[in-house]
Amino acid sequence: MRRSTGKVLVTGAAVALACSLAACGASQVAPARSVAQRFHQALATGDGAAACTLLSIRTRAELETSAQAPCEEAVLAEDVPEVLDRTAGVHVFGVMAQVTFDVPGDEPPETVFLSRYDEGWRVTSAGCVETTAATPYDCPVSGG
Amino acid sequence: MSARGSREGARGFVRDNGLSLFFFVLFLVALIGQAFAGWNAFNEEQAAEGFGEVSLVEYVASVDFAVDVTENWQSEYLQFFLFIGVTVWLLQRGSPESKELDKAGTESDEEQKVGPHADADSPGWARIGGWRTTVFSHSLLLVMGAIFLASWAVQSVAGWAAYNETLLEQTRDPIGWGSYVVGSDFWSRTLQNWQSEFLAVGSMAVFAVFLRQRGSPESKPVGSSHGSTGVEG
């Protein structure tokens with residue numbers, strides 16, 4: 001077979017792709033963590049309206065539908081634990097992120113899931129508790 | 001150089017490099033088409049699930065696009081790597097893709113025109129001997145193999161990140177790269193590409209025994225017998 005291809009171009013593009021993967025994920029860790037922390041700070045101060053501005057549109061709608069109440073009231077009524085200031089872990093992949101917080105006492109860690117929209121990172125699920133390994137978390141606040 | 005001379009020079013370049021230019025243009029058109037189609041498909045899925053959408057530029061720089069591109073690249077280069085390598089030793093009676101039946105192996109220096117048997121216009125590294133002639137003697141296989149491994153490595157990283165993005169959408173924990181490369185997503189993406197490449201190459205070697213394309217160097221001459229091996233039209 002006599003087919004030729006741009007070997008140099010292909011290799012260069014592969015390297016560029018690999019670099020972009022590493023750079024993109026790392027640069028979004030701080031913004032995702034910041035939104036998750038602000039969400040929990042709003043809950044801790046009883047500011048439901050501020051917490052709701054950090055929820056995704058679908059999560060806000062599902063919260064209001066399931067609670068039959070405005071978001072700013074419904075979000076404060078959900079079983080989302082108080083957290084310590086420091087985060088235990090942040091993972092960012094593509095437009096999705098997971099932020100884990102330590103909580104006071106012996107309670108399991110609190111996990112928040114976020115997605116990146118035009119307006120920035122927004123919480124899609126919160127109050128999440130791991131059930132069993134490799135299965136979805138149980139999240140009182142969820143939507144997508 | 002006059003304008004007429006420039007035009008003739010350009011025409012000569014296109015004629016002399018028509019095969020590579022044709023496939024390079026096709027490659028770019030297909031890659032751009034893949035970018036637009038993949039971007040639309042990605043955003044449709046994100047919108048349906050209520051997750052964030054991305055711009056075209058973000059999509060082209062995303063792990064989702066990267067894994068879709070590199071899983072195909074690695075399999076194509078693996079195909080050529082294997083084909084170049086195994087056709088040194090393995091033969092197919094009647095196929096123009098095979099060497100003649102008495103020529104299995106790397107052949108003599110005289111047949112390969114290396115060292116003292118080099119022609120006046122042979123590449124320098126074919127004539128010079130030592131490690132440089134050894135490297136040059138396998139350079140096509142080495143480069144194809146290197147591009148295959150590089151593409152497969154990028155696929156593994158991009159695929160791992162894209163898979164973890166899906167896990168996060170499902171409110172599941174992300175997994176490590178080591179777990180990903182022994183898992184079903186990585187091998188499903190890999191093997192679905194490999195099987196199609198192996199089928200295409202194997203069937204080409206066999207079809208070319210009995211079928212012809214007049215004028216193509218991938219085919220035997222139309223009148224060649226089905227049993228003639230290593231003959232290109």
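Buried means under 20% relative accessible area, exposed means over 50%, and partly exposed lies in between (1.4 Å probe, protein chains only). This is a predicted model: local features need pLDDT of at least 70, side-chain atom pairs count only at pLDDT 80 or more, and totals for chains, interfaces and linings use all residues. Residues are numbered from 1 along each chain as its sequence is written, chains are lettered from A and ligands numbered from 1 in the order in which they are written, and side-chain values use heavy atoms, without hydrogens or water.

**Salt bridges overall**
- The whole structure holds eight salt bridges over all chains (a side-chain nitrogen of Lys or Arg within 4 Å of a carboxyl oxygen of Asp or Glu).

**Chain A**
- Arg86(A) pairs with Asp102(A); their closest N and O atoms are 3.4 Å apart.
- Arg86(A) sits in the loop between helix H5 (71–77) and strand S1 (87–93) of chain A, and Asp102(A) in the loop between strand S2 (96–101) and strand S3 (110–117), so the bridge ties together parts 16 residues apart in sequence.
- Helices (H or I, at least four residues) and strands (E, at least two) are DSSP runs, numbered from the N terminus.
- Arg86(A) is exposed at 53% relative accessible area; Asp102(A) is partly exposed at 26%.

**Chain B**
- Arg189(B) bridges to Glu71(B) at 2.7 Å between the closest N and O atoms.
- Arg189(B) lies in helix H10 (residues 184–210) and Glu71(B) in helix H4 (residues 63–86) of chain B, so the pair links parts 118 residues apart in sequence.
- Arg189(B) is buried at 19%, and Glu71(B) is buried at 8%.
- Shared partners join Asp68(B), Glu71(B), Asp185(B) and Arg189(B) into one salt-bridge network.
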